[in-house]
Amino acid sequence: MTDLPDATAKKLGLVIDLDTCVGCHACVISCKEWNTANYGAPLADVDAYGAAPVGSFLNRIHSFEATPEGRGPDAPAAVVHFPKSCLHCEDAPCVTVCPTGASYKRVEDGIVLVNESDCIGCGLCAWACPYGAREMDGVEKVMKKCTLCVDRIYNEHIPEEDRVPACVRTCPAGARHFGDLGDPESQVSRLVAERGGFDLMPEQGTKPVNKYLPPRPKADLAPPPEAGEIDVLGPLLAPVAEEPRGFLGWLDRALEKL
Amino acid sequence: MHPAPSLIFFTALSGLGFGLLAWLGLGYPGVTSWTAFAFFALGYGLAGAGLLASTFHLGHPERALKAFTQWRSSWLSREAVLSVAALVVLAPYALWLWLFETRLAALGVAGAVLAAATVFSTSMIYAQLRTVPRWHHWTTPALFLLYAAAGGALLAAQIVAAALLFVALAGVQILHWQTGDRRFRQSGSTPETATGLGRIGRVRLLEPPHTGTNYLLREMVHQVGRRHAQRLRMIALVAGGLAPALLLIALPAGHAGAALAVLVHLVGLFAARWLFFAEAEHVVGLYYGRR
């Protein structure tokens, strides 16, 4: 049954540091590579060399800018690279909507997985996910999602330092951390506590396991607006019109016509 | 959301079919013999065609039987189970009316309840989704049930009931649109909550994650022109509810008038169902600078 487990022994997940992510997309590529070559159906690209290529990915990097309020639309913005993948929610709506039981949340570690041989490709789980973490594979027609590299983290055939998700192993900035968020003493839980880690869209009630660490505030570069000060030189130093006017304007237009 | 033809046909036709079957199960109209056969053939035909259309939406229709297993948690699974249960329970009822001119009333009522429950679970597939605020509201099941009841009454030649239900349908349809237009804002999901960067300030997508499109954008981020939507709403409202009601009242009872009312209603029903999907905004659009 695709009921959610009441509790999971562990809450394995990622902590993503928005302060250090440089937006290089290396995690996207290594994720695609590992999950194409290993567990489950390969992540297909359709029309890969054509005019409109479309591919399935389990991890995507968006870039946002955040502009402080009350400083006008031209105030300097903070640019934040924003990796997004499955958050392995405790209250995963994608699991309970599944009509076949293909979607499930593991009792032992809380990882949300898809049993691809049971998936009928109806797409309802992708509709139920607020984060866009699930994508239907264009070739295999089954739902693909982050497995937290379940075939790496317990894999005794690979060196111990590789037993983390591919995205974490590859991140050159050290912006991705993997661990048990159910254990308050784990390194990831301490990071979340120290840095004020937060949930995405808490109002959706999904209780994500993955946490995001906020970017540190930037030094304020915009001059504070000064009110009531008389500026004598200001009008003299104001920039001249960018478009030539008067005689110069006429000359400009006349030359333009030649 | 992408208005997939398979889903529009599935919800529209199965709604009409189960609506008609519910009326027949309750004994309206009290037909027997070959007339009963014709009515049930239409009901089973519409419901079956709708269910068949839904399999075209599946990536692996050959595994569709697995969808009957998760009725405890999934509305989609419940819909599958209930639809088959309704069709199975009404089969002997229809058979006895047709061959023995006997009405097995208890079976009919049970079938009618199951047919209504089927339509309700179809609507809950959409209404349960918190990610689509426009659907996540009681007007969604009310709308689906009224479409089925009114359309079914029309097909079952229940003129007075149909006219009244069409008027009610138009009212709920307007309510669904009016409240639906505000519900995304009321849901509280914004680019700021989606990224958690509201702590810094106003959030705007600077660069999308990929150059082309992807499954998420094709499936869940669909934008309808405002004027286009207004025109379609007018068609859906007039053709779907008001015009059939007027036709039923104004025209003399008979096959020709009823057929005209059915055709007009179908036009409105399909327009309304297209809008139901096309106008529904998914919160994932917030990650793409769109709604």
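Axes are lines fitted to C-alpha atoms, for helices over the stretch in contact, and angles run from 0 to 180 degrees between N-to-C directions. Helices (H or I, at least four residues) and strands (E, at least two) are DSSP runs, numbered from the N terminus. Residues are numbered from 1 along each chain as its sequence is written, while chains are lettered from A and ligands numbered from 1 in the order in which they are written. Because the model is predicted, local features need pLDDT of at least 70 and side-chain atom pairs count only at pLDDT 80 or more, whereas totals for chains, interfaces and linings use all residues.

The crossing of α1(B) and α5(B) is right-handed; a crossing is called right-handed if the near helix is turned clockwise from the far one by less than a right angle, and left-handed if anticlockwise. On the α1(B) side the contact includes Gly15(B), Phe18(B), Gly19(B) and Trp23(B), and on the α5(B) side it includes Phe144(B), Tyr147(B), Gly151(B) and Gly152(B). Two residues are in contact if their C-beta atoms, placed from the backbone, lie within 7 Å. The residues of this helix contact are eleven nonpolar, four polar and no charged. Here Ala, Val, Leu, Ile, Met, Phe, Trp, Tyr, Cys and Pro count as nonpolar, Asp, Glu, Lys and Arg as charged, and the others, Gly among them, as polar.

An open sheet is formed by three strands in the order β5(A)-β4(A)-β1(B), with antiparallel pairing. Two strands pair if DSSP finds at least two bridges between them. The edge strands, β5 (78–85) of chain A and β1 (202–207) of chain B, each pair on one side only. From one strand to the next, the twist averages 40°. Five bridges connect β4 (residues 59–67) of chain A with β1(B) in the antiparallel sense. Within this pairing, Ser63(A) stands opposite Glu207(B), and Arg204(B) is the bridge partner of Glu65(A). Helix α1 (residues 26–37) of chain A packs on the sheet and touches β4 and β5 of chain A, its direction making about 160° with that of β4(A).

Between the chains, 55 residues of chain A are in contact with 50 residues of chain B. The largest share of the chain A side, eight residues, comes from β4(A). By class, that side has 33 nonpolar, 13 polar and nine charged residues.

Chain A contains eight helices and eleven strands. Its strand β10 (residues 176–180) is largely enclosed by the rest of the structure, because four of its five residues are buried. A residue is buried if 20 or more other C-beta atoms lie within 10 Å of its own, exposed if 12 or fewer, and partly exposed in between, with C-beta atoms placed from the backbone. Strand β1 (residues 12–17) of chain A runs antiparallel to β10(A) and is joined to it by five bridges, with Gly13(A) opposite Gly179(A). Buried residues make up 43% of the 258 residues in chain A.
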